[in-house]
Amino acid sequence: MAKKSKKQQSGGTPATVALTAAGVTYTVHAYDHDPSHPSYGEEAAEAMGVSPDRVFKTLVADVDGTLTVAVVPVAGQLDLKALAAAVGGKRAAMADPALAERTTGYVRGGISPLGQRKKLPTVLDASAAAHATICVSAGRRGLEVELAPEDLQKLTEAVLAPIGR
């Protein structure tokens, strides 16, 4: 696991570029991605030695015809009804993976809530507020970014709501 501060980061992903441009303090965690691991999020938590409650996965759902980003702990699951309610919708379903990749500009397992190709409505699970920092994908498999949940919420204009179970 390599740790880099933003000053050590060269190049970067759209997510780290967005964080740097916003002047947000963050830490990049890189690890060797194992394609045979059954869960991208659990793999990240294990590789970084971080509690799965602090590592959040980025999921893309369709809420009443609008693609919506849900950011929930890898230790749990997304509650689709709660996600729909959080954005004033009636019905939510997971988005087609190919559509999610095209719309965000990231590959599945590496979708970051930051620096997406198209800005989507975003909901961050309320449990994030209990932590000083959380980890989310930095835009590719094997790369996570650790930052304050308030910074993530501000940069993504996320609604904070209990959408995990």
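Begin by selecting A61, which stands opposite M94 in β5. The model on display is a predicted one. A61 and M94 provide an entry to the pairing of strands.

Next, display the whole sheet to which β3 and β5 belong. The sheet is open and has five strands in the order β5-β3-β4-β6-β9, with mixed pairing. Strands of a sheet pair through backbone hydrogen bonds, either parallel or antiparallel. Now select β5 (92-94) and β9 (159-161), which stand at the edges; each has a single partner strand, so one side of each is left without a neighbour in the sheet. Viewed from one strand to the next, the twist averages 35 degrees.

The last stop is E146, located in strand β8, residues 143-147. Is E146 buried or exposed? Its relative accessible area is 17%, and E146 is buried because the cut-off for that class is under 20%. Show the side chains of H29 and R54 as well. The side chain of E146 makes a polar contact of 2.6 Å with the side chain of H29, and another polar contact, of 2.8 Å, joins the side chains of E146 and R54. To complete the view, select the residues in contact with E146, leaving aside its neighbours within four places in sequence: T25, Y26, T27, H29, R54, T133, I134 and C135.

Methods. Residues are numbered from 1 along each chain as its sequence is written. This is a predicted model: local features need pLDDT of at least 70, side-chain atom pairs count only at pLDDT 80 or more; totals for chains, interfaces and linings use all residues. Side-chain values use heavy atoms; hydrogens and water are left out. Helices (H or I, at least four residues) and strands (E, at least two) are DSSP runs, numbered from the N terminus. Buried means under 20% relative accessible area, exposed over 50%, partly exposed in between (1.4 Å probe, protein chains only). A polar contact is a pair of N or O atoms within 3.5 Å; within protein, one must be able to donate a hydrogen and the other to accept it, and residues adjacent in sequence count only if both atoms are side-chain atoms. Contact means heavy atoms within 4.5 Å. Two strands pair if DSSP finds at least two bridges between them. Axes are lines fitted to C-alpha atoms, for helices over the stretch in contact, and angles run from 0 to 180 degrees between N-to-C directions.
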